[in-house]
Amino acid sequence: MEKKARLAYLLDRLATHTATEEELNELTGLVDQDDAGVAIDEVESWLQEHRPQPLPDYDQQRWMQVADQILRSDKLLADPVARPAQRVHFLHKWGWAAAVVLLFGTGAWLVNRYRQPEPASITAGTRLLDVDPGKNGAILTLSDGSQMVLDSAGNGIITRQNGTAVVLKNDGLQYTPEAPGTGEVKYNTITTSKGRQFRVVLPDGTKVWLNAASTLQFPVAFTGKERVVELTGEAYFEVAKNASQPFKLKAAGKMDIAVLGTAFNVNAYTNEKHSYATLVEGAVSISLTGETGSAVVLKPGDQVQAGSTGMDVTQNANVEKAIAWKNGLFNFDGVGLREMMRQLERWYDLEVVYEGNVPDVLFFGEMSRTLKLSDVLTGLERSDVHFRLEEGRRLIVMP
């Protein structure tokens, strides 16, 4: 009981960045010497009871040194901890390096009990194969069909269209009206391939973050009675308010979303069974495409799941999970293996192939999207799933 109380105290000090040098070393030692896994059990319980709080300033270099010390602990239990059927918790089943759980987004890190050496299952000959995580980048298709690769374009005005200047900055693309739009409405399209994400500010000031493998089509000037854009894939919207010109989003031929001014996330990939819209603030009206009588109005925290059989609304949904990607994280709470692999496939630009009967497991936890693929696969090897990475980014999933 005394050890449990001491561990809880040290975790609280770590989480609030108030731990002394001696306390940091003590916490590292408790985890490093945790042969029976008791300390990690307590860590998991502590994580379930505590939520992020505003934190004071901290020494990032020192906190990363602590995380690195823990990651170097090379302990493997003789008998892996048994897990409930088809449920995998990061702290018990993910590799040390892969399951570094970012507690509060500001430098305090906790990890699980396992660390696996270099994963032999993703090597080819004597050369280690690996894949870097995705990064910012997109392709801009202009109204005349010409294309610009934004990854390599320099900052500044890259084109002018229908009274609007298109400016590329380090953090994305911005459409700035310089004169009233006239004549035929011209459309641009932003496309992110696998392994890319991008941010764009539309002519009305609406901010859009595009996830990997997504496409957004929009006019270079909003001149009509409505502001209408089309999306395939996933994006987070912060819509500029304009009651006289409602904002409407058509999502992959599945959902029509009408808003005035709000923030929401839409996941509408064509290779997913369902599409989702999650409201962060404001209000939106959502209907199935072509079925105006099916409209539902969401409140902040609500999420719509749309499929071939209709729409379901979940109140008090996991908003953090829906927008985790925008904040640089994967959130795999309650996510099955195949859905997880589709996310990894998009972010790491992979071709995923299943070989044999792969176990149907559920995962719980968060991971940074900055991890290399080898770190992710090292952790998954602990979940009764195995991999072989071949040339051409072809990832074979095996039982």
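This is a predicted model: local features need pLDDT of at least 70, side-chain atom pairs count only at pLDDT 80 or more; totals for chains, interfaces and linings use all residues.
Student: Where do I start, and how many helices and strands does the chain have?

Tutor: Start with the overall counts. The chain has 8 helices and 31 strands. Of its 399 residues, 47% count as buried.

Student: What share of contacts joins residues at least 24 apart?

Tutor: Among contacts between residues at least 6 apart in sequence, the share that joins residues at least 24 apart is 54%. Val358 and Asp384 give a case of separation along the chain: they are 26 residues apart, and their C-alpha atoms are separated by 8.7 Å.

Student: How do I read the pairing of strands? Take strand 13: which strands pair with it, and are they parallel or antiparallel?

Tutor: Look for bridges, then for the sense in which the two strands run. Strand 13 covers residues 196–201 and pairs with strand 6 (residues 135–136) in the parallel sense, over 2 bridges. Within that pair, Asn136 has Gln197 as its bridge partner. Strand 11 (residues 172–177) also runs parallel to strand 13, joined by 2 bridges, and here Leu173 stands opposite Val200. Strand 14 (residues 207–210) is antiparallel to strand 13, with 4 bridges between them.

Student: How many residues lie between strand 13 and strand 14 in their hairpin?

Tutor: There are 5 residues between the two strands. In the turn, Gly205 has a positive phi of about 95°.

Student: What should I know about side chains along a strand?

Tutor: In a regular strand the side chains alternate between the two faces of the sheet.

Student: And how do I read a nonpolar core?

Tutor: In soluble globular proteins, nonpolar side chains tend to be buried together. In this model, the largest nonpolar core has 42 residues, and Leu173, Leu216, Phe237, Phe264 and Val266 touch the most other members. Strand 16 (residues 227–238) supplies the largest share of this core, 4 residues. A second, separate core has 28 residues, among them Ala212, Met341, Leu371 and Leu380.

Student: Why does Asn265 count as buried?

Tutor: Compare its relative accessible area with the cut-off. Asn265 counts as buried because its relative accessible area is 2%, and buried means under 20%. Asn265 is found in strand 19 (residues 263–268). Its side chain makes a polar contact of 3.0 Å with the side chain of Trp325. Beyond its neighbours within four places in sequence, Asn265 is in contact with residues including Glu234, Tyr236, Tyr276, Thr278 and Ile323.

Student: Is Ser374 buried or exposed?

Tutor: Ser374 is buried, since its relative accessibility is 8%. Ser374 is in helix 8 (residues 373–380), and a polar contact of 2.8 Å joins its side chain to that of Asp130.

Student: Where is Val358 found?

Tutor: Val358 is in the loop between strand 27 (351–354) and strand 28 (362–364). Val358 counts as buried because its relative accessibility is 17%. Not counting residues up to four places away in sequence, Val358 touches Leu337, Val385, Val397, Met398 and Pro399.

Technical notes. Residues are numbered from 1 along each chain as its sequence is written. Side-chain values use heavy atoms; hydrogens and water are left out. Buried means under 20% relative accessible area, exposed over 50%, partly exposed in between (1.4 Å probe, protein chains only). A polar contact is a pair of N or O atoms within 3.5 Å; within protein, one must be able to donate a hydrogen and the other to accept it, and residues adjacent in sequence count only if both atoms are side-chain atoms. Two strands pair if DSSP finds at least two bridges between them. Contact means heavy atoms within 4.5 Å. A nonpolar core is a set of buried Ala, Val, Leu, Ile, Met, Phe, Trp, Tyr and Cys residues joined through side-chain atoms within 4.5 Å.
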